[in-house]
Every structure is written in C-alpha cells, then in structure tokens.
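This report covers a domain interface and a pocket. Please view the model alongside the text.

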Amino acid sequence: MSTRDVSVFGDAITYFNEAADQLELDAGMRQILTHPSRQIIFSIPFQRDTGEFEVYTGYRVQHSFARGPAKGGIRYHPGVTLDEVTALAFWMTWKCAVADLPFGGSKGGVTCDPATLSMNELERITRRYAAELVEVVGPDKDVPAPDVNTTPQIMAWFMDTYSMHVRQNVPGVVTGKPLEIGGSRGRVEATGRGVTICALDQMKRMGMTPEKASVAIQGFGNVGTYAAKLFTERGCKVVGISDITGAYYNAKGIDVEAAIKHAAHHRSLEGFAGGDHISNGDLLVAACDVLVPAALEKVLTSENASKVQAKLIVEGANGPTTPDAARIFKERDIKVIPDIMGNAGGVTVSYFEWAQDRMGYFWKESEVNERLEERLLDNLHEIQAIAESRKITIRVATYMLGIDRVVKALRTRGIYA
Ligand code: NAD
C-alpha cells in the first residue's frame, strides 16, 4: 500500500495511539479523543467575475473544546478533503495543549485553487464561507486563522463579514489579521520564528553550532520564508529552498533576501538564479544538517526517509512525515521535532492576538517575541525531559504532553454523557 493510500487522519491516529499506549489510556478515553466534536460540510456558491456561478465545498471541523474555544486555520487548496481537515483539527487540539494555550482544536478549508481566482472572487468565497459559520465561530466558540493560501487580507474579510452579521465589531473572532484591525505585531513571522527557536535549542542539545550548520527548507510561503530569514539572522547557512515550482540548492548558501525579493516580484521562486535548480524530492535528501519541511503533508515517506541526510528535522508543515518514515528516522537516530511543537509558534502568537483583541491593548513586537520564545522553550524542555527519561522519540513525548493536558481538562470538567 502506498503512503497516499493511508489517510492523513490515519497517520494522525497512529501517532496518537503510540502516545496513548505510553500514557496507558483506556479504550473509552481513546474513543472520545479520536472523535471530532463536530464536522460541518457546506456549499459555497459564488459568482465568477465573468458573471457565471460555481459551487465549491467548505469545511469546518471542531475536534475538541475541552481546554477552551476551538482554534485552527483555514486552508484554500485543491487537495482539501474532510479527512485532511479532520486530521488538521485533531492536531490543533494537541498543538494548543502542548503550547499550554486555553484552546481546543479545529480546522477549516475550501476545496479550490486560489491561483485561478481573482481578488474579488477570493473575497466573495471568503465572505460566503464566513457567513455559513456565523453560529459556530466566535471568540468564545471557535477562532480561525491563516493556513495554506490564506492571508491576513482573507482574515480581514472573515472578521468583517462576521462583525456585520452580529452587528458589532468582533476582532477576536479570527487571528492573523492585518495590524490595522486588531492583528498582533509579530504574528506574520511567528510560525517561522517558532521553527527557528525549536531548531536552535535542539541543535544546542545535539552539540551543533549554528554558524557551522546548514539548513534546507521545503516551502517558501509564510512559514518557509520567515524560517529562512530567521535561520540566516541566527548565523545558519540556508543551502536549499523550494516552492511548488521547484527547489534551489547552493552549498555556499542561498541569498535569502534575494530569494524573498524574487518570490515577491514573480509570485514564485521560478527562475531564481541563486542556486542549482533541483526537484522538490531531491531537496529533501540533499546534504544539510537541518531539514525543515514547510509545505504540505506526507512528503517524508518510507521511500525517501533512508536517504535523508539531515541530523535534525523540524516540522514546519503539519503532517509532513508518515509513521513509516518516522520509524526509519528513529532507527537512524535522526531527531524530529514534530509539527505540534515545531510550528506551534503561529498559534501561540494567535493566542496573544486574541488576548490583545479582548483587552483592546496591544503589545510591542519585542514583548510578543520574548513571550513566544519563553513559552515555546518551557514546553520544548518539558518534552525533551520526557523523551530522555522514557527513552522515546521527541514526537511521542510531545503527543504525551498534549494528550495528558487534554485528558486532565476533560476529567476535571467531567464527561457529560
Ligand atoms: P503558504 O500557502 O504561505 O505556503 C505554502 C508553500 O508551500 C508555498 O511556497 C508553496 O509553493 C509551497 N508548496 C506547495 N506545494 C508544494 C510542493 N508539492 N512542494 C514544495 N513546495 C510546495 O502556507 P504556509 O502558511 O506557509 O503553510 C505551510 C505549512 O505550514 C502547512 O502545512 C500549514 O498547515 C503549516 N502551518 C502554517 C502556519 C501559519 O501560521 N501559516 C502555522 C502552523 C502550521
């Protein structure tokens, strides 16, 4: 069976079960935790600029409310399915718990290809998507955020639509907004910053010196771009970058600022002259010390895991490693900081944004960044201690920490059955 035949939610459940075994969770609790609270599928009719109508499918899955309102991004991508959104919502529950945020987990999506949509079409789809969810989202219910192909502008349209429907201004209904309407300083960079913070801490533990370390990053969107920029600022050499159009490798180091300018100008890395053009597959197995998959799921599989040359993988994307690949990395003693810790910087600053919106009082960027680093490192150190004392992988230790926090909340509230 190929890795694509196992659903993304299937991968997520495999990881959950490994940690649940360590925690000796009973069968009933496992059932409760592996069933989403609510799955919503709806139609999004919208009008093309040409005047014709089309119908897309929208999703919102709310996995858990045990620790607070659900929290999770919205993805616009042709590959969005109920299975994928459910897996992503499930991961949000553990991620918010690992980051010790007062949130449950959710995720949303629209099956569409934004590359074929004008700004006006994107706005109409977003407003209809938000209008369909008015009853089930809100600062105390479920708080969306950006994910693949969704931007601060899309969050602004979501917030405006919701606010119009409830007849009051509600900035806290969504995070990742532009600064002008209640966004947080530092949110745009937060996920990439979190990847870098986790990577540098783990590198120190492994005796690696940043100035001598090389990094390859798959995906040059929100997460990948800021990770590349911040790795460079911390002295590491970024040797490989990629986006959907292909990958670029330069053993002497990529000029990340030039790549950012190229991508901004051409809307992709296509034609970037600062490195050898290689395939996305080759980038994952290229010579480097640290590998950051920051695009989509299931890119590290049983087919390429034995060829990966990095000593450390920090997952910027959600679900980039299949359980088969994770087993190979364990055998090869390649350390992996999993998505629910590696990319938790984004949701952590989303939490700061939600808190600032509710206070109506906004922090300086330095305050945001300091609080982010402190929170991520406190939790990462707890995870590293669990992994070392139990002699288990960082992934299993991370899931254990997240699941245990959710179980404690559920048991304290009581299960209303
Ligand atoms: P984005 O849309 O800004 O960028 C995605 C990037 O991946 C683009 O450069 C795109 O060209 C590239 N890409 C797409 N398919 C590819 C392929 N087959 N091979 C190589 N590159 C490919 O998205 P993002 O917000 O940066 O999210 C990337 C990943 O990080 C996703 O898994 C997302 O769930 C996760 N994530 C994002 C955030 C956030 O705050 N944005 C937070 C946590 C996790």
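## Domain interface

One salt bridge is found across the interface of domain 1 and domain 2. The term requires a side-chain nitrogen of Lys or Arg within 4 Å of a carboxyl oxygen of Asp or Glu. The model is predicted: local features need pLDDT of at least 70, side-chain atom pairs count only at pLDDT 80 or more, and totals for chains, interfaces and linings use all residues. Residues are numbered from 1 along each chain as its sequence is written, and side-chain values use heavy atoms, with hydrogens and water left out.

The domains span 31-177 (domain 1) and 190-337 (domain 2), with bounds from an automatic or database domain assignment. Nine residues of domain 1 and five residues of domain 2 make the contact (heavy atoms within 4.5 Å). The two domains bury about 490 Å² between them, 50% of it on carbon and sulfur atoms. Buried area is the accessible area (1.4 Å probe) lost when the two parts are put together, summed over both. Their C-alpha centres are 27 Å apart.

## Salt bridge

Glu 297 and Arg 75 pair through their side chains in a salt bridge, 2.7 Å from N to O.

## Second largest pocket

The second largest pocket holds about 590 Å³ of space. A pocket is an open set of points on a 1 Å grid over the protein atoms alone, for a 1.4 Å probe, with protein on both sides within 12 Å along at least five of seven lines; lining residues have an atom within 4 Å of a point. Its lining has 24 residues; Lys 330, Ile 392, Thr 393, Ile 394 and Arg 395 lie nearest the centre.

Notes
Points joined across faces, edges and corners; volume = space filled by probe spheres on them.
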